[in-house]
Amino acid sequence: MKTLSNKELTIRIAEHGAELSGIVANSTGKEYLWQADPAYWKRHSPVLFPIVGSVWEAEYRHEGVTYPLSQHGFARDMDFTLVKESDNEVRFLLRDTPDTLKVYPFPFNLEIGYRLEGNRIEVLWRVRNTGDKRMYFQIGAHPAFYYPNYAQDSPKRGYFAFDKPDGLIYRVLAEKGCVSDETRPVPLDEEGMLPLDIHTFDIDTFILENGQVKRVDLLDMDRRPYLSLSFTAPLVGLWSPPRKDAPFVCIEPWYGRCDRIGYKGEYKDRDWVNRLEPGESFDASYTIEIALP
């Protein structure tokens with residue numbers, strides 16, 4: 001476990017999965033990041049690679065060959081190597097292995113970095129194609145945060161606010177972790193916010209596509225800022241375990257998403273797939289900002 005700390009925050013990062021594992025406010029000792037109680041969900045903030053979500057029937061096809069691949073890919077369950085460390089930044093690297101090539105036939109480097117500046121954590125991604133053929137991939141984030149107002153005797157949890165306060169739609173997650181063609185309006189209130197309660201995520205995941213929003217704020221019951229995520233990703237998922245009354249909620253910037261129901265085409269033709277030519281790199285980031293008291 002690596003630690004970065006400044007006057008405002010202390011963060012912890014595990015080499016396993018290069019996973020952000022803690023965000024603590026130094027003035028109060030308050031932990032903001034979910035601490036992976038397996039009774040609800042055993043992760044903190046996994047990196048999703050080389051897919052986001054599920055492929056139909058847990059398999060996909062590339063150049064006529066069928067490969068098995070489980071939900072969200074394999075990077076979150078592998079050990080990364082520390083390649084850079086300074087007072088305010090760490091970076092980790094994962095390379096392809098004989099085992100990864102059995103399920104994902106592309107040589108790659110995946111670099112994950114964390115930079116701490118004041119009350120902001122910048123999460124950095126770099127994917128590099130180290131092979132000699134075009135590479136296809138998806139990458140996404142899955143950070144989970146404690147609700148600011150979790151109380152088992154109350155159904156209410158807080159609010160999501162967005163940089164676009166009206167007209168938002170989400171794609172429906174329908175079967176075996178895959179989506180249908182149906183979309184629905186996000187049920188915003190009169191102030192353009194999404195109220196969060198014990199039934200909000202009965203639908204499972206709100207999947208917002210096509211760059212509808214670039215910032216999501218988590219607010220407390222009095223609509224005061226608690227934390228926010230800013231990103232350039234074209235999709236974001238909003239999730240908490242359905243019907244578990246979990247004490248946390250996830251805000252997930254994605255470059256990709258799950259398959260449509262029944263998809264049997266080639267991997268390269270899936271929705272929201274990214275491409276890299278040999279030797280090319282893909283760089284992206286998102287920022288977590290904690291609204292300190």
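Predicted model: local features only at pLDDT ≥ 70, side-chain atom pairs only at ≥ 80, totals over all residues.
Colleague: Let us begin with the strands; how many strands does the open sheet with the order 1-2-3 have, and how do they pair?

Modeller: That open sheet has 3 strands, and the pairing is antiparallel. Strand 1 (2–5) and strand 3 stand at the edges with a single partner strand each, so one side of each is left without a neighbour in the sheet. Direction ignored, neighbouring strands of this sheet are turned against each other by 15 degrees on average.

Colleague: Which way do the side chains point in strand 18?

Modeller: The general idea is that in a regular strand the side chains alternate between the two faces of the sheet. In strand 18 (residues 205–208), T205 and I207 point one way, whereas F206 and L208 point the other way, and all of them are buried. Strand 18 is joined by 4 bridges to strand 21 (residues 235–239), the two running antiparallel, and F206 has L238 as its bridge partner there.

Colleague: Turning to charged side chains, how many salt bridges are found in the whole structure, and which residue does R43 meet in one?

Modeller: A search of the whole structure finds 29 salt bridges, and in one of them the side chains of R43 and D77 meet with an N to O distance of 3.0 Å. This pair links distant parts of the chain, 34 residues apart, with R43 in the loop between strand 3 (19–25) and strand 4 (47–48) and D77 in the loop between strand 6 (65–68) and strand 7 (81–85). R43 is buried at a relative accessible area of 10%, while D77, at 43%, counts as partly exposed.

Colleague: Which residue forms a salt bridge with R126, and where do the two lie?

Modeller: R126 forms a salt bridge with D283, the closest N and O atoms being 2.6 Å apart. R126 lies in strand 10 (residues 120–129) and D283 in strand 24 (residues 281–290), so the pair ties together parts that are 157 residues apart in sequence. Both ends are partly exposed, R126 at 39% relative accessibility and D283 at 46%.

Colleague: Which residues are linked in a network of salt bridges?

Modeller: The network links K84, E89, R91, E111, R115 and E122. Among its members, E89 and K84 meet through their side chains at 3.6 Å, N to O; E89 counts as buried at 5% relative accessibility, whereas K84 is partly exposed, with a relative accessible area of 39%.

Key: Residues numbered from 1 in each chain as written. Heavy atoms only, no water. Buried < 20%, exposed > 50% of the residue type's maximum accessible area, 1.4 Å probe, protein only. Pairing = 2+ DSSP bridges. Salt bridge = Lys/Arg side-chain N within 4 Å of Asp/Glu carboxyl O. Axes fitted to C-alpha atoms, helices over the stretch in contact; angles between N-to-C directions.
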